[in-house]
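Visitor: Can you walk me through this one? I'd like to start with how a single chain is laid out.

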Number of protein chains: 2
Amino acid sequence: MVIAYDGTRYSGWQIQPNSQSIQGTIEQALSTLLKSPTRIIGAGRTDAGVHAQGQVAHFSTQSTFKPDQLLYALNGMLPADIRIKNLHATLDTFHAQISALSKEYHYHLWLEKIIDPFVSRYRLHFCYSHFSLTLLQEAAQAFIGTHDFATFANVGSKVTTTVRTIQRITIVPQEGGVRLEFQGNGFLYKMVRNIVGTLLEVALGKKIGQQIPTMLAAHDRKVAGPAASPKGLFLMKIDYPECFANSSSNERKCENGLGIPSEIF
Amino acid sequence: MVIAYDGTRYSGWQIQPNSQSIQGTIEQALSTLLKSPTRIIGAGRTDAGVHAQGQVAHFSTQSTFKPDQLLYALNGMLPADIRIKNLHATLDTFHAQISALSKEYHYHLWLEKIIDPFVSRYRLHFCYSHFSLTLLQEAAQAFIGTHDFATFANVGSKVTTTVRTIQRITIVPQEGGVRLEFQGNGFLYKMVRNIVGTLLEVALGKKIGQQIPTMLAAHDRKVAGPAASPKGLFLMKIDYPECFANSSSNERKCENGLGIPSEIF
């Protein structure tokens, strides 16, 4: 299933005791509908306050519900700030996290003095007279490519390697400011927010953009800037091999295991 | 001042005992800053749950605050869902309600099956397989012009006449559906929501568009459809005579009383 959510009210994607998570809220509705405790596995564990337009999760069920019936029944039970946008059957070999080829995150900045109250929960309000978008844009280029991102990762879930590839960082003007679009094969815990926090320090002249390669080489979280607020961050889109699309004609290819990348997440 | 607000949490514009209103929230912050109880007069009394991008209000003060200082101090004190977008000094003859020449309201409809969770507080979710946008568009034309709108007004604030002029109703496609733009010289209590509610019944075939002139002639609230939900409605813009703009060169014209229309609100 593809899921959109406003993360403002939630403790993040992942189920945690004594807090309201996105995963927990969906699992509760799904388990009630399917009349059986049902675990869902998400593609990425978004933090408290982070939003999504294209989170992906999978689950296994013996239920005879048709996907469309389940889609509308689920949305009927879920709170208005979580919507299942799409739901379809796929192969047993599909895994929302492991099968992912690339992910896209957007970070939204409001750079003007007065923020629109309708987007204040979805933008970082960052208004300083000495803010330089040019410095930010130049510095962002240093992150593109394959790097060891240990400096920009918080200690969180266990990973076998901190090497990741960022294919694209695009800075797109939009109402009130800009959004930073990140596309990569995977992102470490808090990596996007740590990169944005560092870029914001560069934009204010607190850090030097040319030092980013040195920061990357240090493998030391302390040399980078602080994490930017979660409210500006959206998980937008996750790409999977074509063979997992909702088309039975492709199933043979998938059964041969084509398109499943090695464990890079 | 020009004010934007997300009306979701509020009991409406107007101060009421034991409830949180937009007017009351702004008056409280303003009175604290000016160290004197200060009443503000709004251009229109939006209902509970109605939003604004361009509400206008005026107040009188002896304070020596500069307008820009006051603007930023006010926004610093107000909750994030109310923002003062603009504030400037004008002539004593200005009255936010009486000086208004025309108002623009937008009503937002989400017509697809699954609503984006980021706009669900700002759209009426209206998804029916037999919905006809063509019927709605044709019927909307019958409201344009000068009519007695008593059929489409709830009993509310006292008015001397229920005749109003709607200059324009435009139906604009947007993500997930359409917005209905209304421009007129003034709107009666719940008039936009009652017109939208009636147009939605026409779109479903529950009412006949050609009957709208008969409904108008009836001067009877009971023959029209129910009020559409407040959550889709935005007060967008209020036009005033040029002479009240923030320019001292125009002040002489204003002192002659030019551009102040007769009492139509």
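Guide: This is a predicted model.

Visitor: How many residues are in contact between domain 1 and domain 2 of chain A?
Guide: On the domain 1 side there are 13 residues, in contact with eleven residues of domain 2 of chain A. The domain 1 side divides into three nonpolar, eight polar and two charged residues.

Visitor: What about the core, which residues have the most contacts inside the largest nonpolar one?
Guide: That core has 65 residues, and those with the most contacts inside it are A:Ile3, A:Tyr105, A:Tyr107, A:Met191, A:Val192, A:Val196 and A:Leu199.

Visitor: Which helix gives the most to this core?
Guide: Helix α4 of chain A, residues 191-203, with eight residues. The core also draws at least three residues from each of domain 1 (2-98) and domain 2 (103-236) of chain A.

Visitor: Take A:Val192. What is in contact with A:Val192, leaving aside neighbours within four places in sequence?
Guide: A:Tyr105, A:Tyr107, A:Phe182, A:Phe187 and A:Leu233. There is also a second, separate core of 63 residues, which includes B:Tyr5, B:Leu30, B:Trp110 and B:Ile115.

Visitor: Switching to A:Ala52: buried or exposed?
Guide: A:Ala52 is buried, because 28 other C-beta atoms lie within 10 Å and the cut-off for buried is 20 or more. A:Ala52 lies in strand β3 of chain A, residues 51-58.

Visitor: And what does A:Ala52 contact, sequence neighbours within four places aside?
Guide: A:Ala52 is in contact with A:Ile3, A:Ala4, A:Tyr5, A:Thr46, A:Phe234 and A:Leu235. A:Ala52 and A:Met236 are 184 residues apart in sequence, yet their C-alpha atoms are 5.9 Å apart in space.

Visitor: What share of the chain A contacts with a separation of 6 or more is between residues 24 or more positions apart?
Guide: 68% of them.

Visitor: How many helices and strands does chain A have?
Guide: Six helices and ten strands.

Visitor: What is the radius of gyration of chain A?
Guide: Chain A has 19 Å; a compact globule of 265 residues would be near 18 Å, so the value agrees. Along the principal axes, the C-alpha atoms of chain A fill a box of roughly 60 × 45 × 35 Å. Buried residues make up 37% of the 265 residues in chain A.

Visitor: Now the other copy. How many residues of chain B are in contact with chain A?
Guide: 16 residues of chain B, in contact with 16 residues of chain A. The elements of chain B that give two or more residues to this side are β1 (2-5) and β4 (82-86). β4(B) gives the most, with three residues.

Visitor: How do the residues on that side of chain B divide by type?
Guide: On the side of chain B that touches chain A, nine are nonpolar, two polar and five charged.

Key. Residues numbered from 1 in each chain as written. Chains lettered and ligands numbered in written order. Predicted model: local features only at pLDDT ≥ 70, side-chain atom pairs only at ≥ 80, totals over all residues. Contact = placed C-beta atoms within 7 Å. Helix = DSSP H or I, 4+ residues; strand = E, 2+ residues; numbered from the N terminus. Nonpolar A, V, L, I, M, F, W, Y, C, P; charged D, E, K, R; others polar. Core = buried A, V, L, I, M, F, W, Y, C linked by C-beta atoms within 7 Å. Buried ≥ 20, exposed ≤ 12 C-beta atoms within 10 Å, placed from the backbone. Domains from an automatic or database assignment. Rg over C-alpha atoms; globule rule 2.2 N^0.38 Å.
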